[in-house]
Amino acid sequence: MTNIEKLTGMTDAECEYWDKHIIDNTVELGPNLLKLGIKPGFVNKSLQLSELDKEVFSYLCVQAEKFHKSHTQVINDLVHEKLAVGV
């Protein structure tokens, strides 16, 4: 067993393959969201909800802030209310 195999758990051939692969294939990075003014965590909270009407999304944001809940928790509460009244 070579030192490379001991350190990485890969054979010399595997190390050479990945070395060549990483060097030859450039990674294209997406836009810098911070430079676009999107705060950390905002993408998780809003872009997944992008198909909602603006009024609905605004309501979710207000309720989440007011009650210190996530958007998902607010949606769950609303659905549970509807289920409780049998709608």
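Predicted model: local features only at pLDDT ≥ 70, side-chain atom pairs only at ≥ 80, totals over all residues.
The protein chain has a mean pLDDT of 82, and 91% of its residues reach 70 or more. Among the elements of the chain, two mark the ends of the confidence range, as tabulated here.

| Element | Residues | Mean pLDDT |
|---|---|---|
| Helix 3 (lowest) | 42-46 | 61 |
| Helix 5 (highest) | 71-84 | 91 |

The axes of helix 4 and helix 5 come within 9 Å of each other and cross at roughly 100 degrees; because angles of 65 to 115 degrees count as roughly perpendicular, the two helices are assigned to that class. On the side of helix 4 the contact is made by Phe-57, Tyr-59, Leu-60, Cys-61, Gln-63 and Ala-64, while helix 5 contributes His-71, Val-74, Ile-75 and Leu-78. Sorted by class, this contact comprises 8 nonpolar and 2 polar residues, with no charged residues.

The largest nonpolar core consists of 5 residues, namely Leu-49, Phe-57, Leu-60, Ala-64 and Val-74, and helix 4, which spans residues 54-67, gives the most to this core, with 3 residues. In soluble globular proteins, nonpolar side chains tend to be buried together. Leaving aside residues up to four places away in sequence, Leu-60 touches Leu-49, Leu-52, His-71, Val-74 and Ile-75.

The loop between helix 4 and helix 5 holds His-68, whose phi is near 55 degrees, a positive value in a residue other than glycine. Is His-68 buried or exposed? Its relative accessibility is 72%, and His-68 therefore counts as exposed, the cut-off for that class being over 50%.

Note on methods: Residues numbered from 1 in each chain as written. Heavy atoms only, no water. Core = buried A, V, L, I, M, F, W, Y, C linked by side-chain atoms within 4.5 Å. Buried < 20%, exposed > 50% of the residue type's maximum accessible area, 1.4 Å probe, protein only. Helix = DSSP H or I, 4+ residues; strand = E, 2+ residues; numbered from the N terminus. Contact = heavy atoms within 4.5 Å. pLDDT = per-residue confidence, 0-100. Axes fitted to C-alpha atoms, helices over the stretch in contact; angles between N-to-C directions. Parallel < 35°, antiparallel > 145°, perpendicular 65-115°, else oblique. Nonpolar A, V, L, I, M, F, W, Y, C, P; charged D, E, K, R; others polar.
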